[in-house]
Amino acid sequence: MLFSNKDLAKIVFPLFVEQLLAVTIGMLDSMMVSSVGEAAVSGVSLVDTVNLLLSYIFSALATGGTVICSQFLGRREYDNARNSAKQLLYSITCTAMIITTVVLIVRKPLLSLVFGKVGSDVMGHAQIYFLFTALSYPFLALYNGGAALFRSMGNSRVSMVASIIMNLLNVAGNALLIFVFHLGAAGAAISTLFSRIVGSAIMTGLLHNKNNIIFIEKLLSFRPDFKIIKSILGIGIPSGMENGMFQFGKLLTQSLISTMGTAVIAANAVAGTMASFQYAVGGAISLTLVTVVGRCVGADEKGQAKKYVWKLMGVEYIALLAVALFLIVFGRPIISAYNLSDVSSEMTYNLILLHSFFNITVWAIAFSLPNAFRAASDVRFTMVISIASMWIFRVGLSYVLAQYFGLGIYGVWYAMFADWFFRAMLFAIRFLSGKWLTKYKPPQASSDR
């Protein structure tokens, strides 16, 4: 077997810690911002929806790089893996810089177009928060690329330690800028920018260590290898389209929610933050699947790939159940820390109860299992199903249930659960059929290298 239980634990456990820490810090951030008022936390939550849409592009490219590097490592082509690493870092950083430039130009009209019906106080917080977070995109992209490369080596401890440093800096910066200098949403954004700059610097420095299987030499000396870039984009573009369209769908539903009043916006934001604990657990397994399955298919061990998927999905379901029970028991005390109105607080807890039920039944199959497909180069199927499901259920059904049937915010969340169920059903069939293991073609590098 390519991975012992100890090997899997060395990948999964740091990712659990990293993901849960990031969510915990995110929750502390939103609590700090909420001290400024519901308008501030609402403005930040609206912008974070746009930020997620754009950051998924970086994550998709990072996933493509992880898959290609893992496949090269499975084939023991270490020079090609190192070359792929440099191609990934340049591709992902240049993409982020372009996106930052565009966002800085269209920032205000974009927010007005998407969230034009929100109050002027909410929009004010949103605009200033968007400005500083947009400046952080290149550093976030570089950090994501570096973390992805360490995961492909089976070393997720590095990204965990870097994440701890970043998040501690973020919390300290928030406390200083929000409570001492009273900068509100701007303070939260500035501390995010600073922590991402530090995180990207740490990751870049560590990638120069030649003791790693994959390391970067002469970072400032770069020659594009279009065959490798094509392989990375062959995974990254479909994943980026899938994730981007998925987040765009969430953006449309967020626009719908923004018409329901500040209390509903705040309840949705807090419920989403708390639900992130459950996503974090699934995210750790999802990232592990990319590394493990990618290495297996590269080594032509398809049987092992299936066995590891069953094992890791089982671990995920146990972890999801534990987190769901925690949120159900301690949900109300956590919500009380947000200083929400009674109506918002009750709405938030009800959404968490609904979310917990569907999370421990279908979410893992709908969102973690497809990462095994991507690692085996089966990206088009997941893209088509995910995009179709998003438009039919996540967006279309949201407007039907929320407006036509008058279910409001609950209608939006019911539509989300319908999206999950549809994906889970088709992805389970795909996995059991074994067709996802027939799409792999060995990645190639330019012959003149």
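**Entry 1: what I'm looking at.** The model is a predicted one. I started with the charged pairs, and a search of the whole structure turned up eight salt bridges. I picked a few of them to follow up.

**Entry 2: Arg-374 and Glu-242.** I looked up this pair and found their side chains in a salt bridge, at 2.4 Å from N to O. The two partners come from distant parts of the chain, 132 residues apart: Arg-374 sits in helix α12 (residues 369-375) and Glu-242 in helix α8 (residues 226-257). Buried or exposed, I wondered, for Arg-374 and Glu-242? Both are buried.

**Entry 3: Asp-378 and Arg-430.** Next I checked Asp-378, which makes a salt bridge with Arg-430; their closest N and O atoms are 3.1 Å apart. Asp-378 has 2% relative accessibility, so I put it down as buried. Arg-430 comes out at 12%, so it goes down as buried as well.

**Entry 4: inside α14.** How far apart are they in helix α14? They are four residues apart, which means about one helical turn separates them. Asp-419 is buried, with a relative accessible area of 0%, and Arg-423 is buried at 2%. I also noted that Arg-394 joins Asp-419 and Arg-423 in a network of salt bridges.

Entry 5: I took a look at one of them, Lys-439, and found it in the segment after α14 (408-433). Its relative accessible area is 43%, so Lys-439 counts as partly exposed.

**Entry 6: two positive phi angles.** Last, I looked at the backbone. Arg-76 is not a glycine, yet its phi is positive, near 65°. I found Arg-76 in the loop between α2 (38-74) and α3 (78-115). At 63% relative accessibility, Arg-76 is exposed.

His-182 is another non-glycine residue with a positive phi, near 55°. Where is the place of His-182? It is in the loop between α6 (157-180) and α7 (185-206). His-182 has a relative accessible area of 62%, so I marked it as exposed.

Methods: Residues are numbered from 1 along each chain as its sequence is written. This is a predicted model: local features need pLDDT of at least 70, side-chain atom pairs count only at pLDDT 80 or more; totals for chains, interfaces and linings use all residues. Side-chain values use heavy atoms; hydrogens and water are left out. Buried means under 20% relative accessible area, exposed over 50%, partly exposed in between (1.4 Å probe, protein chains only). A salt bridge is a side-chain nitrogen of Lys or Arg within 4 Å of a carboxyl oxygen of Asp or Glu.
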